Amino acid sequence: MDDLTLRAQARAHLVSDLRAATELVASSSRVLHA
Amino acid sequence: MRAATVADFAQWRDAARALLAADVPPAEIAWIDPGRDSGLLPGMVQAAPTTGGESVRVPRAFVERAELVALHRSAARWPLLYRVLWRLTHGEPALLQHLADADVQGLQTLEKNVRRDEHKMHAFVRFRRVLQDGVEHFIAYHRPEHRILRLAAPFFARRFASLRFTLLTPEESATWDGQTLRFGPGAPASAAPEGDALETLWRTYYASIFNPARLNLRAMQQELPRRHWSTLPEAQLIAPLARRAATRVEGMLARESSESERYLPTLPTLSTLRAALPACQACGLCGPATQAVFGEGPEHARLVLVGEQPGDEEDRLGRPFVGPAGVVLDAALQEAGIDRREVYLTNAVKHFKFEERGRRRIHQKPSAGEIRACKGWLQAELTTLQPQVLVCLGATAAQALLGPRFSVSRTVGSPSPCPPSPACSRPTTRRRSCAWMT
């Protein structure tokens, strides 16, 4: 894989993890509010 | 059906020669081991003669392997050896080269078991010093799995050539008087002395070199089988050392941040930590760097992102994630629908580590020691923030929190232990980042 592909893949992973982190924050908020 | 009673390699060789000379195929022979079998069964006749058969030509490699395999305790060894011998002399002279053949594989397995047992004996024999008529003598008891004393004993004679020793096993013993190695009858474990003055020293040494962070009980039991524990003075230390290992590792990890701890404020808050950071000299990075870069974001942030270290621009501006890496992060945050102002951003190492090349300052990865030196600051930030979710951006950040042995690539797709503070669970990992839910 070339450097550009690797960078794109890394960024996609980062976005995916950030989304997952947001969901975790949201889900634990729901638990707390419940 | 013929019966052949053999106890060792020499007897098997003689019997096999006679049986081959009489052209008796393997299926018509019952091999009887006097040490384990009761004798002839109805319908069997003793093979006769058991000696005096003609010599047969077989590869030297077979004879060498047969001598080793004969030391195995398996009752299958004599029929296996004869079967291979029969095939070697009945149209398959290159049989040993056929590694996929079941008989050849059987030979290999038994040979390997014997060699492994020999190695265990070399490794796990513990001599005790006694005085016999004023003369120093060393005695050891060992319970090998196979009949390997004669195979293994010459090693000790070479290694301890100037000492006098006796090596006891249940079936046979070996004595070295400094000149000759002699073999005699076996002895029970009670015949060997139980300990000597050197053992206390040995146990102290063993306990001192025991590394709780590297404890792997499964591997340990594979390498140090329980059958040998009774004769190893250090074995009695294994259980208590293993029980305390986890606590000791936690203590070791807790002490890791000691270099920066003395620079931390007595009452840590984000503002007192920020004010105290510029004075930190816990590692050598504070010299070349322009300034220390503290974390940035609201104190109530529920999401904390931890990077590796400030880059060139962050070092000049004194703010995290404002250089090229910050541009990438901002874009990713936007794509994920996260407001940067609601997130706390910080780094595992607070100073920029670089190498000067002309006018450029090239990023360098911080060492394990530098990460450890800076860990106190990160821990203090996280303790103050108590985030709900912590995202480690890359291996350095994860190693700072989870220990230097953490590997992103090894942990992809599987849960891993969480940092002691803040308490975390269930990581989701990817190639370049990983997140933990509190």
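## Contacts of B:Arg126

In this predicted model, B:Arg126 touches B:Ile139, B:Ala140, B:Trp202, B:Thr231, B:Leu232, B:Pro233 and B:Glu234, leaving aside residues up to four places away in sequence. One of these neighbours, B:Glu234, also makes a polar contact: its side chain and that of B:Arg126 come to 2.6 Å.

B:Arg126 sits in a loop of chain B, between α4 (102-124) and β4 (128-132). Is B:Arg126 buried or exposed? The relative accessible area is 16%, under the 20% cut-off, so B:Arg126 counts as buried.

## Helix α3 of chain B

Helix α3 covers residues 77-88, twelve residues in total. The distance from its first C-alpha to its last is 16 Å. That is close to the 16 Å expected at 1.5 Å a residue.

The helix is mostly covered, with ten of its twelve residues buried. Among them are the aromatic residues B:Trp78, B:Tyr82 and B:Trp86. Which elements cover the buried residues of α3(B)? They include α1 (9-21), β2 (29-32), α2 (60-69) and α4 of chain B.

## Chain B overall

Chain B has 438 residues, and 44% of them count as buried. Its secondary structure comes to 15 helices and 15 strands.

Take the contacts in chain B between residues at least 6 apart in sequence: 68% join residues at least 24 apart. The accessible surface of the chain is about 22,900 Å². Carbon and sulfur atoms account for 52% of that surface.

Terms used: Residues are numbered from 1 along each chain as its sequence is written. Chains are lettered from A and ligands numbered from 1 in the order in which they are written. This is a predicted model: local features need pLDDT of at least 70, side-chain atom pairs count only at pLDDT 80 or more; totals for chains, interfaces and linings use all residues. Side-chain values use heavy atoms; hydrogens and water are left out. Helices (H or I, at least four residues) and strands (E, at least two) are DSSP runs, numbered from the N terminus. Buried means under 20% relative accessible area, exposed over 50%, partly exposed in between (1.4 Å probe, protein chains only). Contact means heavy atoms within 4.5 Å. Accessible areas come from the Shrake-Rupley method with a 1.4 Å probe; for residues, only the protein chains shown count as cover. A polar contact is a pair of N or O atoms within 3.5 Å; within protein, one must be able to donate a hydrogen and the other to accept it, and residues adjacent in sequence count only if both atoms are side-chain atoms. The expected span of a helix is 1.5 Å times one less than its number of residues.
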